[in-house]
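Here is a friendly briefing to read alongside the model. Keep the viewer open and follow the topics one by one.

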Amino acid sequence: MQFSDATYLAWLTGFIVLSGLALFMQGKQKRLAVDLLLVFATLFVAGSLYTAFEGRKGGNAAYLEADKAELSLRMNSAFISIKRRMPADSALDRQFKHFSKDTYEQAEKCLSKAIAASPDSAVLHAKEIILLAEEGKGIKKPIEQLKSLGGSEENQAKGKALADLIGKIYIDQKISADQLPAMRKILEKNVPPGWYRDILNVQIENAAGRKQEFQQRLSEFFDNYFNYLIRVMLYVCAALFAFLAGLFVIVVQLIFLGRTPTDENHRQLIAAAGDWTWRAVYGVFIAWLSAEFIVAPLLKGATKQLASIATEHGALSVAFLTAGLYLLQNLPALLFIYLFAFRPAQLQFLEGIKLRLRIGNLGPVRLVLAGVLTWFAAVPLVVVATFIAAKLGSTGSANPIVAIVLSAAKESNALSTVMFLITLGVLPAICEETLFRGFLYTSLRRRLSVFPAVVLSGALFSLAHLDLGGALQLFILGCLFAFVLERTKSLIPSMVAHCMWNCMSFITAVTIFG
C-alpha cells in the first residue's frame with residue numbers, strides 16, 4: 001500500500017478535520033468524534049506500517065554486504081602487516097597466500113551480493129573493480145561498465161570519474177604531475193573512507209612515479225592496519241569479558257535473588273498511578289505513530305541522503321541532522337502521554353513515568369549500577385538471540401539507521417563521536433524508555449502480572465522499530481529493560497542500560513570500521 005501525493009493529502013485533511021471536531025465538540029458528540037479519529041488513525045497507521053515493512057525488506061543488504069567485504073579486506077591487510085614483521089618463512093608465506101586468496105574470494109562474493117541489491121551504485125562497482133585489480137585480474141570490461149552506469153546524473157558522473165581514476169592507476173599506471181591534484185580530488189570526493197580509499201592512496205603514488213612517497217604510504221598503510229588489528233583484538237577481549245560478566249549477572253539473578261520482584265503490597269510502586277483506560281493507552285500510541293508517519297514523507301529526502309552526507313559534509317553534520325529527525329518523530333509521543341493520560345489524572349510527569357532518583361534503599365549510584373549490570377546481562381542474551389535469528393533466516397537489521405551509523409563511523413572524529421553517542425544513546429534512552437517502560441509497562445501492570453506485562457511491552461517495543469531482521473534482539477532488550485524497571489521501581493536503570501547498549505553499538509562500529 002503506497003500512498004500517492006493525493007492520497008497523502010486526503011489522509012492529512014482527514015486528520016485535521018477529525019482532530020478539530022474532537023477538540024471543539026462536547027459530550028456524546030465529542031466522544032463520537034474521538035472514536036472516529038481513532039478508527040481513522042488506525043487505518044492510516046495499518047497502511048503505513050505495511051508500506052514501511054515492505055520498503056525496508058533488504059533495505060540494508062547493500063551496506064551490510066559491502067561492509068562484510070571491507071572487514072575481510074581490513075583483516076587481510078592486518079595479517080599481511082604481521083607477516084611483514086616476521087622473518088622469511090616459505091611455509092608461512094604459503095599459508096598467508098592461501099589466506100589472502102580465500103579472503104579476496106569472500107570479499108568478491110559479498111560485493112557481488114551488494115551490487116545485486118544496489119545495481120546502479122557507482123561506489124560499489126568501483127570497489128569491486130579495485131578488489132579485482134588488487135588480485136591481478138582484468139578490469140577493462142568492468143571499467144567500461146562503470147562508465148555506462150545508469151541512475152541519477154550524480155551517480156553517472158561519479159561512475160565516469162571513478163572509472164577514469166581507477167583506469168589511470170591500474171591500467172595506464174601513469175599519472176602526470178599535472179593530473180595528480182585532480183585525481184586526488186576525485187579520490188577524496190568519491191571514495192568513502194576505509195580500505196578502498198587507503199589502498200588507492202598508496203597506488204596513486206605508484207602510478208604517479210613517486211617511488212619514495214609510494215614506499216612511505218605503503219609503510220603507513222600496513223602500520224595502520226597492524227594498529228587496527230591490535231584495536232580489534234582489544235575490543236574482542238572486552239566483548240568476551242562483557243559476555244562472561246553478563247552470564248554471571250544472569251546466574252546471580254536466577255539463583256540468589258527473588259523470583260518475584262514485586263509482591264502485591266508494593267504493586268502500587270510500579271503500576272501506573274492514574275486510572276486511565278486502555279483507550280487512552282491506545283490513543284497515545286496510535287497518535288504517536290500517526291504523527292510519525294505523517295511527518296515521514298516530508299523527511300524522506302533528508303533521511304535518504306544521510307549516508308551520503310557523511311561523506312560529503314562530515315559525520316558531525318549527520319549527527320546533528322539525525323538528532324533533529326529523531327526528536328521530530330519521537331518527541332510528540334511524550335506530549336501525547338501528558339495530554340491523554342497524565343494531565344487528566346493530574347499526575348506529575350516524572351512521577352508518572354517512575355523517574356525516581358531514590359526508591360527505598362536504592363539511591364542514584366545503586367540505580368545507575370543496576371543499569372550497568374542490566375547492560376552486561378543483555379550482551380549474552382542478545383548474542384544468543386542473534387544466533388537464533390540467523391538460524392531462522394535473518395539477514396541482519398533492516399533499520400535504515402544501521403546504514404547511517406556504518407557510514408558515519410568511517411568518517412567519525414572525536415567531536416562527531418560524542419555527538420553520535422548523544423544522538424543514538426541519550427535521546428532514545430529518554431524518549432523510548434519514557435514511552436515503552438515509563439508509560440506502557442506501568443499501564444499494563446495496573447491489570448496484568450509481571451510476566452505478561454514484560455512480554456507484551458517487549459513485543460510492542462520490538463514491533464515499533466519496524467525491523468524484522470532485528471525483531472528478536474529488540475524483543476529481548478525490551479523485556480530486559482521492563483524487568484529492571486519492575487525490579488528497581490525506577491526508570492533510571494533501564495535508561496542507563498538502553499543508553500549504554502546504543503552507545504556501545506556505535507563504539508563497535510567505530511572500532512571495526514572507523
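Buried means under 20% relative accessible area, exposed means over 50%, and partly exposed is in between, using a 1.4 Å probe and protein chains only. By that rule, Ile-115 is buried, because its relative accessible area is 11%. This is a predicted model, in which local features need pLDDT of at least 70 and side-chain atom pairs count only at pLDDT 80 or more, while totals for chains, interfaces and linings use all residues. Residues are numbered from 1 along each chain as its sequence is written, and side-chain values use heavy atoms, with hydrogens and water left out.

**The chain as a whole**

- The chain has 19 helices and zero strands; helices (H or I, at least four residues) and strands (E, at least two) are DSSP runs, numbered from the N terminus.
- Of the 514 residues in the chain, 48% are buried.
- Along its principal axes, the C-alpha trace spans about 85 × 60 × 40 Å.
- Taking contacts between residues at least 6 apart in sequence, 78% join residues at least 24 apart; contact means heavy atoms within 4.5 Å.

**Around Ile-115**

- Ile-115 sits in helix 4 (residues 90–117).
- Leaving aside residues up to four places away in sequence, Ile-115 touches Leu-124, His-125 and Glu-128.
- Tyr-63 is 52 residues from Ile-115 in sequence, and the two are 9.8 Å apart in space, C-alpha to C-alpha.

**Helix 5 against helix 9**

- Two packed helices are described by the angle between their axes and the distance between the axes.
- Helix 5 (residues 122–134) and helix 9 (residues 195–207) have axes that come within 11 Å and cross at roughly 55 degrees. Axes here are lines fitted to C-alpha atoms, for helices over the stretch in contact, and angles run from 0 to 180 degrees between N-to-C directions.
- Helix 5 and helix 9 are therefore oblique to each other. Angles under 35 degrees count as roughly parallel, over 145 as roughly antiparallel, 65 to 115 as roughly perpendicular and the rest as oblique.
- The crossing of helix 5 and helix 9 is left-handed, meaning that the near helix is turned anticlockwise from the far one by less than a right angle.
- Which residues meet where helix 5 and helix 9 are in contact? Helix 5 brings Lys-127, Ile-130 and Glu-134, and helix 9 brings Trp-195, Tyr-196, Ile-199, Leu-200 and Gln-203.
- By class, this contact has five nonpolar, one polar and two charged residues. Ala, Val, Leu, Ile, Met, Phe, Trp, Tyr, Cys and Pro count as nonpolar, Asp, Glu, Lys and Arg as charged, and the others, Gly among them, as polar.
- Asn-201 also lies in helix 9 and is buried, with a relative accessible area of 18%. Not counting residues up to four places away in sequence, Asn-201 touches Leu-187, Glu-188 and Arg-217.

**Aromatic pairs**

- A search of the whole structure finds 21 aromatic pairs. Rings of Phe, Tyr and Trp (its six-membered ring) pair if their centres lie within 6.5 Å; planes under 30 degrees apart count as stacked, over 60 as edge-to-face and the rest as tilted.
- Phe-436 and Phe-461 form an edge-to-face pair, at 5.3 Å centre to centre with 80 degrees between the planes.
- Phe-436 belongs to helix 16 (residues 414–444) and Phe-461 to helix 17 (residues 450–464), so their pair ties together parts that are 25 residues apart in sequence.
- Both Phe-436 and Phe-461 are buried.
- One aromatic cluster is formed by Trp-11, Phe-15, Phe-40 and Phe-44.

**Helix 13 and the loops on its two sides**

- Gln-346 is found in the loop between helix 12 (315–342) and helix 13. Although Gln-346 is not a glycine, it has a positive phi of about 55 degrees.
- Is Gln-346 buried or exposed? Gln-346 is exposed, with a relative accessible area of 76%.
- Phe-349 lies in helix 13 (residues 349–352) and counts as partly exposed, at 24% relative accessibility.
- Beyond residues up to four places away in sequence, Phe-349 touches Leu-334, Ile-337, Tyr-338, Phe-342 and Thr-434.
- Lys-354 is found in the loop between helix 13 and helix 14 (364–391). Lys-354 has a positive phi of about 65 degrees although it is not a glycine, and at 1% relative accessibility Lys-354 counts as buried.
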